[in-house]
Each structure stands twice: as structure tokens, then as C-alpha cells.
Amino acid sequence: MSKKTIVVCDHIHQTGLDILANDSEIELINAADEPKDKLIADIIPLADVAITRSSTDVDDAFLASAKNISAVVRAGVGVDNVDIPGCSKEGIIVMNVPTANTIAAVELTMAHMLSCMRMFPYSHDHLKNQRVWKREKWYGHEMKGKKLGIIGFGNIGSRVAKRAAAFEMDI
């Protein structure tokens, strides 16, 4: 059986790259840092499978170069950058991994909330650029007791709510 060529079009976690690179049945091409015009013209024609994220559009130009591709994997929740009818017309299977980055997105949301409430960007900038620390200026606010409105209560929203509840927020 010949090796399948998998082209990684956008940056994915190193662990994923390692898994692909260590599989004896896969020829891995990591093209995440390649210019998009080179990716489409020179690299996609070599691919049996393409792994994308949000930086590479699977559009008419992509599909015109994708002569050997049998599958496109969208490493992430949505497939908004993938022309699904175009892929179907070409017999290309489209897959995504909707929960792959759920916890990362939840944790980033919580980090941003904490950062805003405790005014980390401003206090850090003040200390770094003005070399002054005035603690009383940067007390910030507690999340406890604050109302949090969540639009969309799917994989991410429901987990943000669970963590916000641990901060005793009103969800």
C-alpha cells in the first residue's frame, strides 16, 4: 500500500503533527508557513488529504488544484471556510473536529474575563512602561456576583457557564 500524502495547510498543535509524522503510512507535508498562492499552486496538487483551520479557504481555486484529494479535515468547530457543495461535487469528504479546541476556547474566555475584571493589561502596561506600581489604581473588580449573559449554550458556552458558576457569578 502506498503512503497517503497529508498536507497540513494551517498551524495545528505539535502533538498532531507528531502523530502524523510518526505514522509509517503517511507522507506529511507541513505547509502552514507557505504563502497561500504557493500552497494552492504547488502543494495541494500533491495531497491526498488536506488539514485546514480558518486560515485556508477551501474554495474554487483550492478545489481546482485538489486533483487527488479525497478528504478535507477542518481542525476546528465550523466549516465556514469550506465550500461543502464544491467538495461534494468533486467527491471530497469534509470532516471537522467540533470539540477539539473546546477546553482551550473555554479557558481563553475565562482568562479574558479575569483579565478585564482585574485590569491586567492596563496594570501591566503601567508597570512596564512607566515603571510605577500604584496598587490602589488597579484593584479591579471581583467576578463574584456579576451577571454573565451567554449567547449560545453549546459545547463552549455551557462549559463557560460551569466555570463562571465556580466564581459565583449570576449566569
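Helices, taken as H or I runs of at least four residues, and strands, taken as E runs of at least two, are DSSP runs numbered from the N terminus. By that numbering, Ser 115 is found in helix α5, residues 102–118. The structure described here is a predicted model. Its largest nonpolar core has 18 residues, and its largest pocket has a volume of about 270 Å³.

**Nonpolar cores**

- Another core, of ten residues, lies apart from the largest one, and its members include Val 8, Leu 17, Leu 20 and Ala 75.
- Ile 69 touches Ile 44, Ala 47, Asp 48, Ala 50, Phe 62 and Ile 92, when residues up to four places away in sequence are not counted.

**Helix α2**

- The buried residues of α2 include Leu 39, Ile 40 and Ile 43.
- Viewed down the axis of α2, its buried residues fall within an arc of 125°, so they line one face of the helix.
- Asp 37 and Ala 41, on the other side of α2, are exposed.
- The packing partners of the buried α2 residues are β1 (4–8), β2 (26–30) and α3.

**Largest pocket**

- Which residues line the largest pocket? The lining consists of Ile 12, His 13, Gly 16, Ile 51, Arg 53, Val 73, Ala 75, Gly 76, Val 97, Ala 100, Asn 101 and Ala 104.
- By class, seven of the lining residues are nonpolar, four are polar and one is charged.

**Ser 115**

- Is Ser 115 buried or exposed? Its relative accessibility is 16%, and Ser 115 therefore counts as buried, the cut-off being under 20%.
- Ser 115 is in contact with Phe 120 and Pro 121, leaving aside neighbours within four places in sequence.

**Tyr 139**

- Tyr 139 is placed in the loop between α6 (120–130) and α7 (155–166).
- Because its relative accessibility is 52%, Tyr 139 counts as exposed, for which the cut-off is over 50%.
- With neighbours within four places in sequence left aside, Tyr 139 is in contact with Arg 118 and Met 119.
- Between Tyr 139 and Ala 164, the separation is 25 residues in sequence and 20 Å in space, C-alpha to C-alpha.

Notes: Residues numbered from 1 in each chain as written. Predicted model: local features only at pLDDT ≥ 70, side-chain atom pairs only at ≥ 80, totals over all residues. Heavy atoms only, no water. Core = buried A, V, L, I, M, F, W, Y, C linked by side-chain atoms within 4.5 Å. Buried < 20%, exposed > 50% of the residue type's maximum accessible area, 1.4 Å probe, protein only. Contact = heavy atoms within 4.5 Å. 1 Å grid on protein atoms, 1.4 Å probe; cavity = no way out; pocket = protein on both sides within 12 Å on 5 of 7 lines; lining within 4 Å. Points joined across faces, edges and corners; volume = space filled by probe spheres on them. Nonpolar A, V, L, I, M, F, W, Y, C, P; charged D, E, K, R; others polar. Arc of directions from axis to C-beta.
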